[in-house]
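Below is a short briefing on how parts of one structure are arranged. It is meant to be read next to the sequence and the model.

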Amino acid sequence: SRNLLNQIWKQEPHFLFDNNYLKAQENKEKDFFKTWKEWSSPVIEYNEELTHFYPTNGSSEAIREVIYQLKNRKRRLVIFKYDYEGYKAFAMACGLKFVEIDKEEYKKFKFKDNDTLIFSHPASYDGNLWGDYDNLMKSLSEKKTQVYVDLCYVGTIAKDYTINLKYKNIEGLFISLS
């Protein structure tokens with residue numbers, strides 16, 4: 001082990017650590033996101049205005065960071081019952097106000113201007129698409145409700161489908177390879 005490590009250090013691989021605070025991998029994250037976007041393009045309609053990509057150790061890390069930012073911005077989190085349990089756990093951990101609603105009740109729910117909705121699509125709890133997704137997004141596009149879509153289960157559905165991400169109130173997306 002020592003001999004192998006000495007050989008590696010003789011090559012002076014310092015560039016691997018020069019910008020580690022950026023959580024970047026020699027700019028390979030750009031290639032990764034480009035490849036993921038190409039791979040998912042048969043089912044995803046992207047909003048080309050979403051141009052910032054940030055690699056994390058899985059989508060849960062990114063979700064946590066966004067939820068903690070929502071707390072700092074004094075927003076309220078809206079989540080669907082039975083959706084990914086991390087949304088609620090992160091909100092509780094940082095003291096962010098949140099509301100859980102049934103998906104079927106979204107038309108009756110009074111969204112506020114400072115609300116942010118985070119949900120998985122396809123759904124984390126059953127891997128299926130929600131038939132009312134576009135109706136929800138159209139209704140929220142007329143409000144100031146921010147939306148983050150968790151796309152972790154894209155690729156798990158064995159049928160043709162499309163997820164429209166061109167709605168203007170979509171602030172960000174979460175993806176994962178797990």
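In this predicted model, helix α3 (residues 59–72) and helix α4 (residues 85–94) have axes that come within 9 Å and cross at roughly 45 degrees. Residues are numbered from 1 along each chain as its sequence is written, and the model is a predicted one in which local features need pLDDT of at least 70, side-chain atom pairs count only at pLDDT 80 or more, and totals for chains, interfaces and linings use all residues. Side-chain values use heavy atoms, with hydrogens and water left out.

**Helix pair**
- The angle makes α3 oblique to α4 (under 35 degrees counts as roughly parallel, over 145 as roughly antiparallel, 65 to 115 as roughly perpendicular, and the rest as oblique).
- Axes are lines fitted to C-alpha atoms, for helices over the stretch in contact, and angles run from 0 to 180 degrees between N-to-C directions.
- From α3, the contact (heavy atoms within 4.5 Å) includes Ile-63, Ile-67 and Tyr-68; from α4, it includes Tyr-87 and Phe-90.

**Sheet**
- Five strands, in the order β3-β2-β4-β5-β7, form an open sheet with parallel pairing (two strands pair if DSSP finds at least two bridges between them; helices, H or I, of at least four residues and strands, E, of at least two are DSSP runs, numbered from the N terminus).
- Because β3 (98–101) and β7 (170–174) each have a single partner strand, one side of each edge strand is left without a neighbour in the sheet.
- Strand β2 (residues 76–80) and strand β4 (residues 115–120) run parallel and are joined by three bridges.
- In β4, Asp-115 stands opposite Arg-76.
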